Amino acid sequence: METKLARISQLSKENPDMVFTSLGHLINKEMLQSCHLQMDGEKAVGIDGVTKEEYSRNLDENIENLVERLKKKSYKSKPARLVEIPKDNGKTRPLSIYCYEDKLVPEALRRILEAVFEPLFYDEMMGFRPNRGCHRAIRKLNTMLERKPTSYVLDADVKGFFQHLDHEWIIRFIESKIKDPNITRLVRRMLKAGIMNDYQFEATEEGSGQGSVCSPVISCIYMHYVLVWWFKEVITPAFRYNVMKSLFYWLNRRSQKKSYNWVEFLNMIDNSYPLVRAKIYVSVYD
């Protein structure tokens, strides 16, 4: 199974425009058993009260039953149990505690989504990614400050990021690379499972629960398209293009020896300066 996921990751890296159409079959008995072995048996239990130890007593039967429900498309995530975790600033963070089977299936989804999307993420994205973290982010920032002209450092926080992820955009972003209805159905059902807050059911019309093993990679996919990709591939090239246009007009106004047309100007820039010619990209929102 790991070999198959590695192959998917390799294909995604080598062919960024590739769209995968059949991945749901990977969530089989072998993968779910692997997910089960990885689960932490000390974690809090969901609303059904089932622990890893209890699930293990009839593991083969339980896994086979789960696989059968997945094949029949009858599997649905149960509502998560909501717990408020105190924060240092006196506020609380909502944490979703899922039932055991609703940890296994999202873990399988996480592996598939990560195999497809991880090769596409930009190097600057450090959060919730394999072999990355705060220390690597600090080293990256330090390198940028020391070696690149920097006037400002922006420290920003997206308020309530996980709670306000738009479900339809999540699905659209995933479908840009995975056109398998079996995968998107499971993602949608996971997102729409709802929560039990003080024994009262609450529908989840937006957001991805903090506590779900799948939420980190979903948040990375969302951030990749909404902010990082948009900034690097749309805003930055457009900014460079406008700068070059301004330079072109300024040079023609100031030059007393020669006036350039646009093609001559670009050729002059290419031949005289190590600059990358700007391009205008189509926005993902078009």
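**Exercise 1. Determine how helix 1 and helix 5 pack, and which residues form the contact.**

*Solution.* Step 1: the axes of helix 1 (residues 2-14) and helix 5 lie 7 Å apart at an angle of about 30°. Axes here are lines fitted to C-alpha atoms, for helices over the stretch in contact, and angles run from 0 to 180 degrees between N-to-C directions. Helices are DSSP runs (H or I, at least four residues), as are strands (E, at least two), numbered from the N terminus.

Step 2: helix 1 is therefore roughly parallel to helix 5. Angles under 35 degrees count as roughly parallel, over 145 as roughly antiparallel, 65 to 115 as roughly perpendicular and the rest as oblique.

Step 3: helix 1 contributes E2, L5, I8, S9 and S12, and helix 5 contributes R111, I112, A115 and V116; contact means heavy atoms within 4.5 Å.

The model is predicted: local features need pLDDT of at least 70, side-chain atom pairs count only at pLDDT 80 or more, and totals for chains, interfaces and linings use all residues. Residues are numbered from 1 along each chain as its sequence is written, and side-chain values use heavy atoms, with hydrogens and water left out.

**Exercise 2. Classify the orientation of helix 2 relative to helix 5.**

*Solution.* Step 1: the axes of helix 2 (residues 29-38) and helix 5 (residues 101-117) come within 9 Å and cross at roughly 105°.

Step 2: helix 2 is therefore roughly perpendicular to helix 5.

Step 3: M31, L32, S34, C35, H36 and Q38 of helix 2 meet residues of helix 5 including L104, V105 and A108.

**Exercise 3. Describe the packing of helix 7 with helix 8.**

*Solution.* Step 1: helix 7 (residues 167-175) and helix 8 (residues 181-191) have axes 11 Å apart, at an angle of about 160°.

Step 2: helix 7 is therefore roughly antiparallel to helix 8.

Step 3: the contact joins H167, E168, I170, I171, I174 and E175 of helix 7 to T184, V187, R188 and L191 of helix 8.

**Exercise 4. Which residues are closest to the centre of the largest pocket, and which element supplies the largest share of its lining?**

*Solution.* Step 1: the volume of the largest pocket is about 2,400 Å³.

Step 2: E124, L154, A156, M223 and L227 are the closest to the centre among the 46 lining residues.

Step 3: strand 2 (92-97), helix 6 (134-147) and helix 9 (215-254) each supply at least two lining residues. The largest share, eleven residues, comes from helix 9. A pocket is an open set of points on a 1 Å grid where a 1.4 Å probe fits, with protein on both sides within 12 Å along at least five of seven lines; lining residues have an atom within 4 Å of a point.

Technical notes. Points joined across faces, edges and corners; volume = space filled by probe spheres on them.
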